Amino acid sequence: MSARGGGRRAGRRRRGRGARSLPPALVDHERIRDVGPDRAASEWLLRCGAMVRYHGQERWQKDYNNLPTGPLDKYKIQAIDATDSCIMSIGFDHLEGLQHVEKIRLCKCHYIEDNCLERLGKLENLQKSILEMEIISCGNITDKGIMALYHLRNLKYLLLSDLPGVREKENLIQIFKTALPSLELKLDLK
């Protein structure tokens, strides 16, 4: 044993403290398997300040501590309102298993960037289920991110408002007219 009283074990611990550790997993895939995609996504969204509404319910879930309990397959997310939330791309894997989301509202989401919308557009379940989207006052969104939404093949309504990074309004209109002819596209862009 050394004079410091730690012996070989303590020496190992000391060396370990100085070593760089890997960052924690950004998305806990084990948690998603354990509680299901809708519960895990609800937890992530509410921790970030967003709200969710489940199928068959009128009220929005806002409080993480009041998430409903019961059978894991009972509560399916129908709508997401991310107004003033801090959701960002590193958590978007939580949305992968969602199959029933019909509406997403992104309003004043300062951390939302084009890659978030590109990720949404690539998720097969959301390509089928999303019917309505609103993107308002998200300053990091550009034409590139908006164009990725044409993959949401059942999208019926899209509101784009106060997006200073979106500059090719006429080009977007043409892309959506071609890709989604039944889409109601509302633009409030400068």
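Two parts of this structure are said to be in contact when heavy atoms lie within 4.5 Å of each other. Keep that in mind as we walk through what is a predicted model.

Let us start with helix α7, which spans residues 169–179. Its buried residues are Leu172, Ile173 and Phe176. These three cover an arc of only 100° around the axis, and so they sit on the same side of α7. What does this buried side pack against? The buried residues of α7 meet α6 (143–147), β5 (157–161) and β6 (184–188). If you turn to the face of α7 that points away from the buried side, you will find the exposed residues Glu170, Lys177 and Thr178.

Two of those packing partners, β5 and β6, lead us to the sheet. It is an open sheet of six strands, with mixed pairing, and its order is β1-β2-β3-β4-β5-β6. At the edges stand β1 (51–54) and β6, and because each has a single partner strand, one side of each is left without a neighbour in the sheet. On average, neighbouring strands of this sheet are turned by 10° against each other, direction ignored.

Strands of a sheet pair through backbone hydrogen bonds, either parallel or antiparallel. Now look at β3 and its partners. β2 and β3 run parallel and are joined by three bridges. β3 also pairs with β4 (residues 132–136), again in the parallel sense, over five bridges. In β4, glutamate 134 is the bridge partner of arginine 105. Leucine 106 has a bridge partner in β4 as well, namely isoleucine 135.

Our last stop is the aromatic rings. How many aromatic pairs does a search of the whole structure find? The search finds two. A pair of aromatic rings is described by the distance of the centres and the angle of the planes. For the rings of tryptophan 44 and phenylalanine 92, the centres are 5.9 Å apart and the planes are at 75°, so this pair is edge-to-face. The pair links distant parts of the chain, 48 residues apart: tryptophan 44 belongs to helix α3 (residues 37–47), while phenylalanine 92 lies in the loop between β2 (77–81) and β3 (103–107).

Are these two residues buried or exposed? Buried means under 20% relative accessible area. Tryptophan 44 has 7% relative accessibility, so it counts as buried. Phenylalanine 92, at 3% relative accessibility, counts as buried too.

Methods
Residues are numbered from 1 along each chain as its sequence is written. This is a predicted model: local features need pLDDT of at least 70, side-chain atom pairs count only at pLDDT 80 or more; totals for chains, interfaces and linings use all residues. Side-chain values use heavy atoms; hydrogens and water are left out. Buried means under 20% relative accessible area, exposed over 50%, partly exposed in between (1.4 Å probe, protein chains only). Helices (H or I, at least four residues) and strands (E, at least two) are DSSP runs, numbered from the N terminus. The arc is that of the directions from the helix axis to the C-beta atoms. Rings of Phe, Tyr and Trp (its six-membered ring) pair if their centres lie within 6.5 Å; planes under 30 degrees apart count as stacked, over 60 as edge-to-face and the rest as tilted. Two strands pair if DSSP finds at least two bridges between them. Axes are lines fitted to C-alpha atoms, for helices over the stretch in contact, and angles run from 0 to 180 degrees between N-to-C directions.
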